[in-house]
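Here are my notes on this model. They are set out point by point, for reading beside the coordinates.

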Amino acid sequence: MSINTIERVLWEAITFPDKAEVFRSQPEEHFNSYFHLTSQEKQLLHEMDVRKMADLGASEMLLMLAWQVVRGPETMNEYMGRMNTPSS
Amino acid sequence: MSEIVGGFLMPHDPLISAEPDAPPAEQRKAVKDAFATIASRLKELDVDTVIVVGDDHYTVFGPQCIPRYLIGIGDVEGPAEQWLGISRRPIENNEPLANHIMQVGFDNGIDWAVSKTLLMDHSTIIPIHYTLGEGSKIKSIPVYINSGVMPLISSRRAAEVGQLIRKAVDSWSGDERVAILGTGGISHWVGMADMGKVNVEWDKKVLSFAEAGDIEGLIAMEDMDVFHESGNGALEIKNWIVAMAAVPEMKADIIAYEPIPEWVCGCGFAELKAA
């Protein structure tokens with residue numbers, strides 16, 4: 001598994017509003033547009049499993065910014081809860 | 001002949017502007033006063049150009065290109081982030097000196113990435129906003145080193161970048177009076193499970209290295225130890241290393257230190273004085 005394209009998807013979501021919109025509204029179609037994402041990586045993005053992605057090496061700064069774009073800044077408590085729950 | 005007449009260390013915490021009322025009043029005042037002290041010292045030193053050393057947070061650059069060290073030589077503006085509560089505006093660059101620093105780097109083994117049109121993020125805009133303010137006559141040269149995103153610049157290389165900046169300023173034909181601003185840190189865990197924690201003991205150790213002028217002490221800190229003990233944001237001491245290495249035989253006078261959980265950061269301020 002590679003975090004490279006995971007980081008690309010997250011970065012594009014925080015950088016390009018149209019990418020953020022399709023991330024939220026049509027995630028499967030959106031993730032399928034990236035050549036290098038495996039099915040497991042798509043699942044991590046779909047679930048926004050931030051702790052698992054961090055454990056794999058994704059930038060926590062990027063995860064936090066992307067979480068706010070995808071799930072909303074009002075849900076930061078959930079983000080922190082997930083970051084503090086060890087991944088299985 | 002131009003010269004580096006001083007340097008300063010300070011936080012670039014975006015919450016200082018985005019959440020200005022979050023900490024207790026006493027700490028807010030301490031931070032405001034520390035920035036004001038630096039602003040005052042820049043005037044006393046008759047500085048006309050600051051070199052601001054920051055690091056990207058996946059805001060300016062993305063995973064498709066991560067510059068190890070970069071200099072802005074042309075049109076610069078900022079901030080990139082609307083949520084800072086600071087209006088985007090042009091920042092006056094000292095283009096001739098910036099181009100000279102670039103060229104001296106090319107001639108001496110520091111192969112800068114170069115930005116002709118740079119949109120600066122909070123790491124450089126926060127220090128400029130709070131120490132220079134709008135309408136300042138002092139020009140700003142932005143330098144970004146990669147202390148924020150893996151793979152990181154080595155601390156040794158950060159020191160070499162600082163030494164190169166000093167060499168370039170010393171060899172410039174102009175008569176600029178230059179200060180270098182090392183920004184960021186100290187302990188903070190951006191987006192990490194421990195976000196909001198501050199490692200006061202570690203922060204004071206970093207400040208003690210600065211007070212002693214012990215750059216080697218900072219360089220000797222292993223990246224992964226820093227990361228685990230004091231968070232991903234603590235790696236921004238590399239920005240401080242650049243500034244410390246640029247000021248000849250420097251020692252730091254501590255201006256202020258405040259551990260501020262509401263701003264998720266240990267906020268340290270110091271003046272770098274040449275021996």
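1. A residue counts as buried if 20 or more other C-beta atoms lie within 10 Å of its own, and as exposed if 12 or fewer do. Keep in mind that this is a predicted model. B:Glu249 has 8 other C-beta atoms within 10 Å, so B:Glu249 is exposed. B:Glu249 sits in the loop between α9 and β8 of chain B. Its phi is near 45°, a positive value in a residue other than glycine.

2. A:Met48 also deserves a look. Phi of A:Met48 is near 45°, again positive in a residue other than glycine. Its place is the loop between α4 and α5 of chain A. Is A:Met48 buried or exposed? With 21 other C-beta atoms within 10 Å, A:Met48 is buried. As background, most residues other than glycine have a negative phi, and most peptide bonds are trans.

3. Check two peptide bonds in chain B. B:Gly78 and B:Pro79 are joined by a cis bond, with omega about 5°. B:Pro79 belongs to the loop between β3 and β4 (89–91) of chain B. A cis bond also joins B:Gly185 and B:Ile186, with omega about -5°. B:Ile186 is in the loop between β7 (177–183) and α6 of chain B.

4. Now the core. The largest nonpolar core has 113 residues. Those with the most contacts inside it are A:Leu63, B:Leu9, B:Ile180, B:Ile241, B:Ala243 and B:Met244. Helix α9 (residues 237–246) of chain B gives the largest share of this core, eight residues. Leaving aside residues up to four places away in sequence, B:Ala243 touches several residues, including B:Leu9, B:Val53, B:Ile180 and B:Leu272.

5. Strand β6 (residues 139–145) of chain B is largely enclosed by the rest of the structure, because seven of its seven residues are buried. B:Lys139, B:Ile141, B:Val143 and B:Ile145 point one way. B:Ser140, B:Pro142 and B:Tyr144 point the other way. On pairing, strand β2 (residues 49–54) of chain B runs parallel to β6(B), through six bridges. B:Val53 stands opposite B:Val143. Strand β3 (residues 69–78) of chain B runs antiparallel to β6(B), through three bridges. There, B:Tyr69 stands opposite B:Ile145.

6. Helix α6 (residues 200–212) of chain B has 13 residues and reaches 18 Å between its end C-alpha atoms, close to the 18 Å expected. Which residues of α6(B) are buried? They are B:Asp203, B:Val206, B:Leu207, B:Phe209 and B:Ala210. The face turned away carries the exposed residues B:Glu201 and B:Ala212. The cover over the buried residues includes β1 (3–10), α7 (215–219), α9, β8 (251–260) and β9 (265–273) of chain B. Just after the helix, B:Gly213 has a positive phi of about 70°.

7. In chain A, the end C-alpha atoms of α1(A) are 16 Å apart, which agrees with the 16 Å that its twelve residues should span. Its buried residues include A:Ile6, A:Val9, A:Leu10, A:Trp11 and A:Ile14, with A:Glu7 and A:Glu12 among them too. The buried residues of α1(A) pack against α2 (17–25), α4 (39–47), α5 (50–55) and α6 of chain A.

8. Last, the contact between the chains. Chain A gives 14 residues and chain B twelve residues. On the chain A side, α1 (4–15), α6 (60–71) and α7 (76–83) each supply at least two residues. That side divides into seven nonpolar, four polar and three charged residues.

Technical notes. Residues numbered from 1 in each chain as written. Chains lettered and ligands numbered in written order. Predicted model: local features only at pLDDT ≥ 70, side-chain atom pairs only at ≥ 80, totals over all residues. Core = buried A, V, L, I, M, F, W, Y, C linked by C-beta atoms within 7 Å. Helix = DSSP H or I, 4+ residues; strand = E, 2+ residues; numbered from the N terminus. Contact = placed C-beta atoms within 7 Å. Expected span 1.5 Å × (residues − 1). Nonpolar A, V, L, I, M, F, W, Y, C, P; charged D, E, K, R; others polar. Pairing = 2+ DSSP bridges.
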